[in-house]
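Let's take a look at this structure together, starting with its ligand and then moving on to some helices. Have the 3D view open as you read.

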Amino acid sequence: MATEASTDRVIAALSRINYPGYQTDIVSLGIVEQVAAADNGGVVLTLRQATAHEEVMRQIAGEIHRVLTHDLGIKAEFRVHQIAAELGAATGRVRMADAAHIVAVASGKGGVGKSTVAANLAVALNRLGYKVGLLDADIYGPSVPMMFGIDNERPQGAGGQSFYPIEKYGIKLISIGFFVTDKTPIIWRGPMVMGAVRQFINDTVWGVLDFLVVDLPPGTGDAQLTLAQLVSIDGVVIVTTPQEVATADAQRAVRMFRQVHCPILGIVENMSVFICPDCGEPDEIFGSGGGLRMAKAERVPLLAEIPIFPEVREASDAGKPLTLAHPEHPASAAFVELARRVAAGMPN
Ligand code: ADP
């Protein structure tokens, strides 16, 4: 009979199998729901089918069979939990026909640089030659208008309820900030948030996009959860600062997205170090290595470490994200590298 040790061996072996088209393994993505010892000495695996594509599940099952039977000599029996059908029926996730890939940028708490990362990621993907849209769904603190220097401009109607995004620097932008004035306090109740976001998603005429980057509201509450279930997100990037309190919140965010079967692309540690402008020495203001420790604990990739540079904030405040304003800046290079990794982590 399979002992606990052999169950561990099975899980360790399964975590070397990547989800087809992703660089993240099937255990991290929550595809392996349960590994139980079977009476015949083998194991019974319960897999969550989080995709409607049968062939993807067949490919995963084939890989598992190869690894367990051939490499470990363990018999495996499969059970499949049809989570895709349940999710589809329960939430009616919106699959946007025009956007090839939807990447969400999330954080466990506010102020860690989530919007900065979302804006620079959008710009960096565009620099790599992709057509990019940026949906600022951070209802509580929309920052796209400021970061892209858009004042008093409203999206143009496209007939009926539809409207066109505002295009700036080659990126198509939609933000709740375009629909309210500075003086309007943005105190939204959950259902209004969802209504507004649903409207953004359904009524924006994006045109054809390679990537839609979604800047989610910070935190792990109902709004984030509902949003994650509303859109068919291809991957989530979770932004954290290195200190323990922030990584603990980010870890909660990882778990929340796993629960709703959104693949986690990885972690971005922002404000990693401060490079002294005089001596060039790094100063770890917020501690060090928190992002990496957390990424390891959750078995997700650490996608980037972005240092604190005053130029990052100055560029955002001046209405042109750093990656555009100063393409040669080391932080811009880090954002472009992040964009490369995000693009590489997308299903084909
Ligand atoms: P969030 O979206 O998580 O609330 P923001 O992206 O608005 O956070 O960032 C918070 C503040 O920190 C902003 O003033 C932003 O310009 C600044 N900031 C973010 N990342 C960096 C960085 N790497 N270096 C310097 N300032 C940064």
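This is a predicted model: local features need pLDDT of at least 70, side-chain atom pairs count only at pLDDT 80 or more; totals for chains, interfaces and linings use all residues.

## Around the ligand

One oxygen atom of the ligand sits 2.9 Å from a polar backbone atom of G113. That's a polar contact, meaning a pair of N or O atoms within 3.5 Å. V112 has one too, with a polar backbone atom 3.0 Å from a ligand oxygen. For T116, an N or O atom in the side chain is 2.5 Å from an oxygen of the ligand.

Residues are numbered from 1 along each chain as its sequence is written, and side-chain values use heavy atoms, leaving out hydrogens and water.

## Helix 4 meets helix 12

Helices here are DSSP runs of H or I with at least four residues, numbered from the N terminus. How do helix 4 (residues 114–127) and helix 12 (residues 330–344) cross? Their axes come within 8 Å, at roughly 75 degrees. So helix 4 is roughly perpendicular to helix 12, a label for angles of 65 to 115 degrees.

On the helix 4 side, V117, N120, L121, A124, L125 and R127 make the contact (heavy atoms within 4.5 Å). Their partners in helix 12 are S332, F335, V336, L338, A339, V342 and A343.

## Helix 8 meets helix 9

The axes of helix 8 (residues 244–259) and helix 9 (residues 290–297) come within 10 Å and cross at roughly 30 degrees. That makes the two helices roughly parallel, the term for angles under 35 degrees.

Key:
Axes are lines fitted to C-alpha atoms, for helices over the stretch in contact, and angles run from 0 to 180 degrees between N-to-C directions. Angles under 35 degrees count as roughly parallel, over 145 as roughly antiparallel, 65 to 115 as roughly perpendicular and the rest as oblique. A polar contact is a pair of N or O atoms within 3.5 Å; within protein, one must be able to donate a hydrogen and the other to accept it, and residues adjacent in sequence count only if both atoms are side-chain atoms.
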